[in-house]
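Hi,

Here's the structure I promised to pass on.

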2 protein chains.
Amino acid sequence: MSSCEAFDLGIQIAVFATAKDTEPVEFMTPHVTRSSFDNLEDMVAFAKSCDVVTLENEFIDSDLLMKMRDQSGTPLYPSPETFKLIENKKIEKGSFENAGIPVTPYAVVVNKEDLAAFGEKHGWPYLLKSSKGGYDGYGNETVTDMDNAFKAFESLGGTQGREILAEAFVNFRKELAVQVARNDHGTMVYPCCETIQENHICVAVLSPAAIDPKLQKKAQELAIAATEAIDGKGIYAYEFFLTEDNEILLNESAPRPHNSGHYTIEGCATSQFGNHVRAVLDLPLGSTELRKPAVALINLLGTKHRRPAQIDHYEEIMKTPDAHLHFYGKLQSKIGRKMGHMTLLGEDLDETYELAQKLTKNIEI
Amino acid sequence: MSSCEAFDLGIQIAVFATAKDTEPVEFMTPHVTRSSFDNLEDMVAFAKSCDVVTLENEFIDSDLLMKMRDQSGTPLYPSPETFKLIENKKIEKGSFENAGIPVTPYAVVVNKEDLAAFGEKHGWPYLLKSSKGGYDGYGNETVTDMDNAFKAFESLGGTQGREILAEAFVNFRKELAVQVARNDHGTMVYPCCETIQENHICVAVLSPAAIDPKLQKKAQELAIAATEAIDGKGIYAYEFFLTEDNEILLNESAPRPHNSGHYTIEGCATSQFGNHVRAVLDLPLGSTELRKPAVALINLLGTKHRRPAQIDHYEEIMKTPDAHLHFYGKLQSKIGRKMGHMTLLGEDLDETYELAQKLTKNIEI
């Protein structure tokens, strides 16, 4: 997605892919380096071949990124300094708290006593997360009592020295997300959207979120403040809980184009990918306004294991004006894996969401 | 452009490029075959490696294309049979005339007598064109009297056996264009747009054309009829003259995505590239409706010779909502060469065109 936005501006892309990688982006450029993220020499050589480097995941050690940038002399955005503030969930939450952004109650837990104390203070169930490396519910466990709390702590690596965070279970009305693009030209914030999750996987995104515009604005302000708190350059996504009391708590962030912002491809004047490319190239950022009053995105999750991946019963989507099908070209389909998405633009959010669900109901992928 | 539409559907692309080619698309795939269009063996091997083959130019001999398709067994759209009906301008005009589509008056000219007779019958000035291979005014000459008529005839290769057509100079009110996508699922026609030319080069496209909706519809009907006349599968562009008497005459056609349809990228629900990909893959065609009431496209022509090409003073475009900059990434900038374009969406055609001109006025490229 970012690649095509770059191509639109006449910019070539190069990809640093790990050896066992088979990502779709490798089929979009002749410039592919196959190596791994523990080979600094290859990383530096790759960076030297580029004018600017950006990242599509946040799991590479910030010290290594700093060495790559400093030894190659090639700018890297988001910067290693930003990654230092967010690569560990505990440090990240601290960065945001210091900027006055409300986050979900949390604590580092290192033993049974901590697990019990957290449950007593914040109630059961609660969440256990590893401080580093989790996404989409992987690396997260919901725990309901001391018995499974310790089992989860163990399975997340807590007894082998991994840092584990306990996070209070927030009774939320809705989950919200906001994307922010930022560079030296300024800051552009996307509409506040609602994300709908099932089993910790986002199944749908609705924009704008069907909430009081004041709350939308509040979420946007918090997202901007969060980006400033980590001196972010690039595109950032923030996921919030909207509580029963209309409090907005920051839950997760991602320093890259994010699934919650895929609806912006057709839904907004400039997509999150377009502004990602602009942000890291220090170009003026583009308008984030919605193209139609309502946008609904449905994630297309794998319904079966097959290789190569295929999609069936998509024809109705293709015939529907304002419906846009994306099939990612991943080689392997797995049950529950994000294999594509569909975005539908409309005038009314409920109607648009209803039609979007109808159009995608029979998809097999 | 077609590549990114394919990527959106998880489809990989491969490119057959001539040896001296340095086209941007080569930077968008690892699958590049470097050969030439007189190497049937390479063409067949290339076609065998693909599920379907399509073309971005119409200058390859249809007999050769037929051999490639038949020896590889890979479908090719537009088909060689379609190319047979359009590769020679005389035969093409005949194909369209047979379907009742009005074309500009023309005749094959082989000597001085023919040149004089055509001028006498249709008036001076008129146009001389080689039957094969011209585009964007290359291979076209405007002639004003017998003296320069014969010189032009000579320079176009008429005295060396090239077939030369004389075409009457049409006093037109406007030049129009219509794109049509067609495959076994059906036919989708784009709005009738106006193209504005300077020195035979299209400098701007306005959609919909500011003419009576009945005339828009007439042009769309002629474009559909023309596509059916050549049994076209894929995307086709038709350029028409609208005469002072509101007659619509077919001037040129192109069996591929065409510069007159670049405005559809952001201007229409499905772009000409999206429908090109769908058409040749036998997928359902997408809606061609306009996303906003008015669309203006300005072609960005090279203002200086430089390599690598660069673009200056584009920042205002990037800041304008509904303005979309495309810079093609061609390596070499030449004065007058199409190096990119800008599309602006709006509510009112005159205002949109005016703002589009203002935004692009200072571009250097």
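Quick definition before anything else: two strands count as paired if DSSP finds at least two bridges between them. Keep in mind, too, that this is a predicted model.

Strand 9 (residues 172–183) of chain A pairs with strand 11 (residues 193–198) of chain A through three bridges, in the antiparallel sense.

Now hop over to chain B for an open sheet. Four strands make it up, antiparallel and in the order 5-8-6-7. Strand 5 (106–109) and strand 7 (140–143) of chain B are the edges, each pairing on one side only. On average, neighbouring strands in this sheet are turned by 30° against each other, ignoring direction. Helix 7 (residues 146–155) of chain B packs on the sheet and touches strands 5, 6, 7 and 8 of chain B. The direction of that helix makes about 170° with that of strand 7 of chain B. As for strand 5 of chain B, four bridges join it to the antiparallel strand 8 (residues 164–168) of chain B, and B:Val108 stands opposite B:Leu165 there.

On to the core. The largest nonpolar core has 170 residues, and those touching the most other members are A:Val178, A:Ala296, A:Met342, B:Ala296 and B:Met342. Beyond its neighbours within four places in sequence, A:Ala296 has contacts that include A:Ala204, A:Leu206 and A:Tyr353.

How do the two chains fit together? A rotation of 180° with 0.0 Å of shift along its axis puts chain B on chain A, with an RMSD of 0.0 Å. The two copies are therefore related as by a two-fold rotation axis. At the interface, 29 residues of chain B are in contact with 29 residues of chain A. Helix 1 (2–8), helix 11 (315–319) and strand 16 (323–327) of chain B each supply at least two residues of chain B's side. By class, that side has 15 nonpolar, seven polar and seven charged residues. And 100% of the interface residues of chain B are also interface residues in chain A, so the copies meet through the same surface.

Cheers

Notes
Residues numbered from 1 in each chain as written. Chains lettered and ligands numbered in written order. Predicted model: local features only at pLDDT ≥ 70, side-chain atom pairs only at ≥ 80, totals over all residues. Axes fitted to C-alpha atoms, helices over the stretch in contact; angles between N-to-C directions. Contact = placed C-beta atoms within 7 Å. Nonpolar A, V, L, I, M, F, W, Y, C, P; charged D, E, K, R; others polar. Core = buried A, V, L, I, M, F, W, Y, C linked by C-beta atoms within 7 Å. Buried ≥ 20, exposed ≤ 12 C-beta atoms within 10 Å, placed from the backbone. Least-squares fit on C-alpha atoms with pLDDT ≥ 70 in both.
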